[in-house]
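I opened this entry to look up the pockets. My notes follow in the order I took them.

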Amino acid sequence: MVVPSDAVAHLKGRKGAFRIALIPPEVLGALNDGLLETVNLNEFMALELPRLAHSVAGHIGLDAQSERLVDTLAMLAAFKPMQRHGHIARALYDLAALHGERDAVAHRLATHASDVARCWAAQWVTLSGLPLPAQLEAVRRFAADPHFGVREIAWMAVRDAVIASLDEALALLQPWVFDADPNIRRFASELTRPRGVWCAQIEALKAEPWRALPLLEPLRADPSRYVQNSVANWLNDASKGQAGQGEWVDGLCARWVAESDCDQTRYIAKRAMRTLSK
């Protein structure tokens, strides 16, 4: 049974503890029961994933004591921390596939109070086997999620599909860079970074970064610092590529500043070239 959200309302405005040992027991209990979002990395790392997974399964209408889930949780310790989340997401996905109201289960997971539960829902997109346009449509809600962690999982969830169909992806993402939501604009940039973080490289964009210019050009003076940082990091990735890539980034930034001489563009250019200037 889910505890009403007002029962933990007094915990939602907290500042996260700067050490795991300092997380109040009430907060940790609510996190593990799936009633709260994490607010920092310490809270995320402190989670008891088996307890949280049992709680979330019950919340969304799945059998928390099913053999599929119990077996998965029993072997979590054998995997690296982030891999554990993938295994839990897969177990919940498999259980939902057998449920008579699969769509309702998916909706409850995607709108769950726990950011970690919503991360698992985002990973369902990877498991869906849908064509790329449908995957992007499905992941959009997570790309716009108010929690940073969910947004990160969102772009990682479709990264491999984008690499497999890069030209199609670049075309499909074109409207995203004009969206009113900075989270959506940032998603299009972060998803296509040539190197990225903790993910597969996009070799085609490492070799020919200019192929993504239709996505980058509209963002060169974006008002959001969140987006600016992503675009700058995108170009910094590109500057580390093959011979001549640094010169391409340098020339692009020079053109951008000449054509759009504003604080936003100058910030992007300076940050983009931080490796080249060393």
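What volume does the largest pocket have? I noted first that I am working on a predicted model. For the largest pocket I read a volume of about 1,100 Å³. I then looked up the lining, which has 34 residues, and the closest to the pocket centre are Met-82, Glu-152, Ile-153, Met-156 and Trp-198.

Next I checked which elements the lining comes from. I found that α2 (41-46), α5 (81-97), α7 (115-127), α9 (148-157), α10 (159-164) and α12 (182-191) each supply at least two residues. Which element gives the most to this lining? I have α9 down for that, with seven residues.

I also sorted the lining of the largest pocket by class: 18 residues are nonpolar, nine are polar and seven are charged.

I moved on to the second largest pocket, for which I read a volume of about 340 Å³. I listed 14 lining residues here, and the closest to the centre are Ala-106, Ala-121, Trp-124, Val-125 and Ala-138. Two or more residues of this lining come from each of α6 (102-110), α7 and α8 (132-143). How many residues does α6 give? I noted five, and α6 gives the most to this lining.

By class, I recorded nine nonpolar, two polar and three charged residues in the lining of the second largest pocket.

One cross-check on the elements remained. I found α7 among the contributors to the largest pocket, and I found α7 again among those of the second largest pocket.

Technical notes: Residues are numbered from 1 along each chain as its sequence is written. This is a predicted model: local features need pLDDT of at least 70, side-chain atom pairs count only at pLDDT 80 or more; totals for chains, interfaces and linings use all residues. Side-chain values use heavy atoms; hydrogens and water are left out. On a 1 Å grid over the protein atoms alone, a cavity is a set of points where a 1.4 Å probe fits but cannot get out, and a pocket is an open set with protein on both sides within 12 Å along at least five of seven lines; lining residues have an atom within 4 Å of a point. Grid points are joined across faces, edges and corners, and a volume is the space filled by probe spheres set on the points. Helices (H or I, at least four residues) and strands (E, at least two) are DSSP runs, numbered from the N terminus. Ala, Val, Leu, Ile, Met, Phe, Trp, Tyr, Cys and Pro count as nonpolar, Asp, Glu, Lys and Arg as charged, and the others, Gly among them, as polar.
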